[in-house]
Amino acid sequence: MSEQNGQTEQNNQPEQTGKKKAGKGTIAMIAAFAVLVAVVAVTAILNREAIEERMELQEAGEFLVTIGDETHSVSLGDLLNLSPVEVTSSPRGELRTFTGVPLVRILDFLSIDFSQTRTIVFTSLDGFATALGIEEAVDETNTFIVFEEDGQPLGTREEGGRGPYMVVVALDPFPNRWARYLMEVTLQ
């Protein structure tokens, strides 16, 4: 019986060791989760100010254009002074008419030298971002910042709209690279 007890004791030892390992793994998971929660909380606190700033820009009807450490604010009044044009596009076969300004005119208006720029990134209020190569982005017949569709303002996200500004890549047959709720144009 002592042999059986010895075997039983030996058989129980691996189980106990296994329980200890599972306990250590559980503690490690809980610690990792706590660190993750802390990182998310700190990030949210740090980004709150930036998000509030962007919401204020949207409410004021403005978006940003950034190159390096230089940031410019562009308003609807600025766009109206740049001789808006009507842009027709047929994404997915649906003919749409927008009113807006070619991106290159906005860059010229802001006196931005984009000769060293390779990519332009468009970032939306909802976090969506899309990028275009410089040639495509500054093509006056292709990339537009629009503020109306069929003569009506695009409306804000809160109003169920797609604006107040949206990027339209007119020569692209699919609107995958269009950016609704435009908040920032970044030249890289």
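Four residues form a nonpolar patch on the surface of this predicted model: Phe33, Leu36, Val37 and Val40. Take Val37 as an example. Val37 belongs to helix 1, which covers residues 2-60. Is Val37 buried, exposed or partly exposed? Its relative accessibility is 42%, so Val37 counts as partly exposed.

**The whole chain**

Now step back. The protein has 188 residues, and 37% of them count as buried. Its accessible surface comes to about 11400 Å². Carbon and sulfur atoms account for 53% of that surface. The chain holds 4 helices and 10 strands. Along the sequence they follow the pattern α-β-β-α-β-β-α-β-β-α-β-β-β-β.

How far apart in sequence are the residues that touch? Take the contacts between residues at least 6 apart in sequence. Of these, 58% join residues at least 24 apart.

In what order do the strands of the 5-stranded open sheet lie? The order is 2-1-10-5-6, and the pairing is mixed. Strand 2 (70-75) and strand 6 (129-133) stand at the edges. Each has a single partner strand, so one side of each has no neighbour in the sheet. On average, neighbouring strands here are turned by 20° against each other, direction ignored.

Look at one pair in this sheet. Strand 1 (residues 62-67) and strand 2 run antiparallel and are joined over 6 bridges. Ile67 stands opposite Glu70 of strand 2.

Thr66 is also part of strand 1. Thr66 has a relative accessible area of 9%; buried means under 20%, so Thr66 counts as buried. Which residues does Thr66 touch, leaving aside neighbours within four places in sequence? Its contacts are Thr71, Glu184, Val185, Thr186 and Leu187. Strand 10 covers residues 182-187.

**A hairpin**

Strand 3 (residues 85-89) and strand 4 (residues 96-102) also run antiparallel, joined by 5 bridges. Ser89 has Arg96 of strand 4 as its bridge partner. These two strands form a hairpin with 6 residues between them. Arg92, in this hairpin, takes a positive phi near 55°.

| Residue | Phi | Location |
|---|---|---|
| Arg92 | near 55° | hairpin of strand 3 and strand 4 |
| Asp150 | about 50° | loop between strand 7 (143-149) and strand 8 |

Compare the surroundings of two of them. Asp150 is exposed, with a relative accessible area of 55%. Tyr181 is buried, with a relative accessible area of 9%.

Which two residues does a cis peptide bond join? They are Gly163 and Pro164, with omega about 20°. Pro164 sits in the loop between strand 8 (152-153) and strand 9 (166-169).

**Back to the start**

Val37 lies in helix 1 and is partly exposed at 42%. Thr66 lies in strand 1 and is buried at 9%.

Notes: Residues numbered from 1 in each chain as written. Predicted model: local features only at pLDDT ≥ 70, side-chain atom pairs only at ≥ 80, totals over all residues. Heavy atoms only, no water. Patch = residues over 30% accessible without salt bridge, like charges linked within 9 Å, V, L, I, M, F, W, Y side chains within 5 Å. Areas by Shrake-Rupley, 256 points an atom, 1.4 Å probe, with all protein chains shown as cover. Salt bridge = Lys/Arg side-chain N within 4 Å of Asp/Glu carboxyl O. Buried < 20%, exposed > 50% of the residue type's maximum accessible area, 1.4 Å probe, protein only. Contact = heavy atoms within 4.5 Å. Pairing = 2+ DSSP bridges. Axes fitted to C-alpha atoms, helices over the stretch in contact; angles between N-to-C directions.
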